[in-house]
Amino acid sequence: MAPQTIHHRATSILVIGAGELGSAILDSLTTHPLYSPSTTKISLAVRPSTLTSPTPEKQAHQHTYREKGVHLVPADLEAWSEDDLARMLRDGQYTAVIHAGGFGVGAGTMLKLTRAVLSAAAANTNTNTTNGTDTADTNNPGSVGNSGSVEYYVPWQFGADYDAITRAGGQGMFSEQIDVRDLLRSQQRVDWVIVSCGIFMSFLFQEFWGVMQCERSEHDQKRREHGQTQSEHEQKQSEHQQKQSEHQREQSEHHHEGNATQNQNQDQSQDKIITITALNSWSDWITTTTATDIAKCTAELLYCPDTPVNQPVYIAGDTLTYSEFADAIERAVADTDTDTTTSTSRKSNSSHHSKHTPLLVRNVWPLEYLREESRRDPDNQLKRYRVVFAEGRGLSWPKEQTWSWKRGMKMEGVEEWVKKNWNWNWGGL
Ligand SMILES: NC(=O)c1ccc[n+]([C@@H]2O[C@H](COP(=O)([O-])OP(=O)(O)OC[C@H]3O[C@@H](n4cnc5c(N)ncnc54)[C@H](OP(=O)(O)O)[C@@H]3O)[C@@H](O)[C@H]2O)c1
């Protein structure tokens, strides 16, 4: 079989940002079967200050990247002008640019970077040559007069289907993403791909997001603080059950419009309470993908010559209803929940590992409730995001219809992810 060759666009790749996604992308790029340091140069742009005075953690990361052959270069997406960014891209002779760190950047930054990318487009364009003479077009950022080397761009659009949400939808929060799409669709100089992955799986489990929240029962906290013996622990069970019932009542009172229902396994030893909250309803759908899988798909899209360009590409680790999501967590946690920390604090049996099944509480935040919460606190970005999710447009797509599925990519689902990541101290408990 003839060896596969990489697409030319993959000869010099610049990744911007090394957060959760950027670092996963660097890993995928340097471990992809088509990667070879002799054919692909990989660079990472971080802020100049991060390069000159990194925190110990970032210093360690930078060391790891350098060991993998990744070149570190300075760039500041917010402080630098469009021209500064375009110059940096031209000077670096990058053939592909992946923007992997846009979660917290200021308004206008994504559009500015996109313009800079188009300005540093490769010279092999055909649209701006008049009578064989290259001309610069100041209204046209990618014109030949500004030619650089960039052939391919992956903008910071890892998430929802913003075409479906529309400029007016999502309380106008995503209009810049639509502007970026419009700009990319209006030109032919740079190939691009948008990776629509749904919600990051890790984000879905963040306590502040509110969909999954963990808490220890009061009784368990005390038990852990005082290192009680197993018999003492058992004596407290009835008290503990009562506390759980109280918690249930509080939950449904707090979310008065919600529909808190209770899991059946209440009679077991439940020292932890997991509340799963559906945004809008139990039958609403969500698509979610791990950062590792988003990165794997991005590397595949970039390296392989037979992949789609100039369109959004849909991928999915899982597409499921909130009800299926809660069921998956319930199964995963029941399979894996072993309290090893407690055993070390028990005087009686230091090697004992006890099995606990947390109490799973199901709750709903209906759309109207979330809208009202957001109206009362209009500057709260998180509450606005919850409304978008509860509205449900552009947030999910059938897994079997995704590019990743059709390509046969092995993707991690919710149950698998929870099994892998669940531990007694989930949520910092
Ligand atoms: N669809 C979704 O659900 C979704 C989508 C996006 C993000 N998220 C969530 O957001 C979290 C954060 O995303 P992330 O960790 O991938 O990355 P991020 O926080 O968006 O970006 C962090 C990286 O961006 C760099 N950066 C920040 N400002 C910069 C600037 N002005 N110029 C150049 N570089 C700059 C940082 O560089 P320095 O090293 O210099 O600080 C860092 O390497 C994720 O963990 C995820 O949970 C979710």
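Trainee: How many residues of β18 are buried?

Mentor: Look at the two ways its side chains point. L359, V361, N363 and W365 point one way from β18, while L360, R362 and V364 point the other way, and all are buried. In a regular strand, side chains alternate between the two faces of the sheet. For β18, residues 359-365, the buried count is seven of seven.

Trainee: Why is N280 called buried, while Q171 is called partly exposed?

Mentor: A residue counts as buried when 20 or more other C-beta atoms lie within 10 Å of its own. Q171 has 16 such atoms within 10 Å, so Q171 is partly exposed. N280 is buried because its count of other C-beta atoms within 10 Å is 20.

Trainee: What is the phi of Q171, and what is the phi of N280?

Mentor: Most residues other than glycine have a negative phi. Q171 sits in the loop between α6 and α7, and N280 in the loop between β12 and β13. Both have positive values without being glycine: for Q171 phi is near 55°, and for N280 it is about 90°.

Trainee: How do β13 and β15 run, and which residue is the bridge partner of W285?

Mentor: β13 and β15 are joined by four bridges and run antiparallel. Within β15, the partner of W285 is T321.

Trainee: Now the ligand. Which helix gives the most to the shell around the ligand?

Mentor: The ligand is surrounded by 26 residues, and the closest are G17, G19, G101, F103 and G159. By class, the shell has 12 nonpolar, nine polar and five charged residues. At least two residues each come from α1, β9 and α8. The top contributor, with three residues, is α1.

Trainee: Stepping back, how many helices and strands does the protein chain have?

Mentor: Of the 429 residues in the protein chain, 41% are buried. Among contacts between residues at least 6 apart in sequence, 80% join residues at least 24 apart. The chain's elements come to 18 helices and 18 strands.

Trainee: Where does the pLDDT stay under 50?

Mentor: For the protein chain, the mean pLDDT is 82, and 75% of residues reach 70 or more. One stretch with pLDDT under 50, residues 228-238, has 10 contacts beyond four places in sequence. Another has 24 contacts beyond near neighbours in sequence, and its pLDDT is below 50 over residues 340-353.

Trainee: How should I read places where pLDDT is low?

Mentor: Where pLDDT is low, the predicted coordinates should not be read in detail. For this model, two such stretches are residues 228-238 and residues 340-353.

How values were computed:
Residues are numbered from 1 along each chain as its sequence is written. A residue is near a molecule or strand if its C-beta atom, placed from the backbone, lies within 6 Å of it. Ala, Val, Leu, Ile, Met, Phe, Trp, Tyr, Cys and Pro count as nonpolar, Asp, Glu, Lys and Arg as charged, and the others, Gly among them, as polar. A residue is buried if 20 or more other C-beta atoms lie within 10 Å of its own, exposed if 12 or fewer, and partly exposed in between; C-beta atoms are placed from the backbone. Two residues are in contact if their C-beta atoms, placed from the backbone, lie within 7 Å. Two strands pair if DSSP finds at least two bridges between them. pLDDT is the predictor's confidence in each residue, from 0 to 100.
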